[in-house]
Amino acid sequence: MYERIRPDGRVDRNPHNPVPGGGFVLIYSDVTERKRNEAEIRAARDAAEEASRTIEAAYRELKTAQAN
């Protein structure tokens, strides 16, 4: 499996399969949209994790303040 980012930003995936008589079959697939979606999901996950850490820290501070 080979992926290449083209100069225009598109991402091509190129699996190559050998054939019994020699040579290989190469298939070009544009996976740009999928890669873009994966990046957006990673960014959303990272933002959610950061928000969760912020909420947890605020909750701990609240509990400490209430205890005092």
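Here is a short tour of salt bridges.

Before you click, know that this is a predicted model, where local features need pLDDT of at least 70, side-chain atom pairs count only at pLDDT 80 or more, and totals for chains, interfaces and linings use all residues. Residues are numbered from 1 along each chain as its sequence is written, and side-chain values use heavy atoms, with hydrogens and water left out.

Side chains of opposite charge can pair when their charged atoms come close. A salt bridge here is a side-chain nitrogen of Lys or Arg within 4 Å of a carboxyl oxygen of Asp or Glu. The structure holds ten of these salt bridges.

**Stop one: K35 and E3.** Select both and you'll find a salt bridge, 3.0 Å from N to O. This pair links distant parts of the chain, 32 residues apart: K35 sits in helix α1 (residues 32-67) and E3 in strand β1 (residues 3-5). Helices (H or I, at least four residues) and strands (E, at least two) are DSSP runs, numbered from the N terminus.

**Stop two: D12 and R6.** These form a salt bridge too, with the closest N and O atoms 3.6 Å apart. Is D12 buried or exposed? D12 is buried, at a relative accessible area of 7%, while R6 is partly exposed at 27%. Buried means under 20% relative accessible area, exposed over 50%, and partly exposed in between (1.4 Å probe, protein chains only).

**Stop three: E49 and R45.** Go back to helix α1, where both lie four residues apart, about one turn of the helix.
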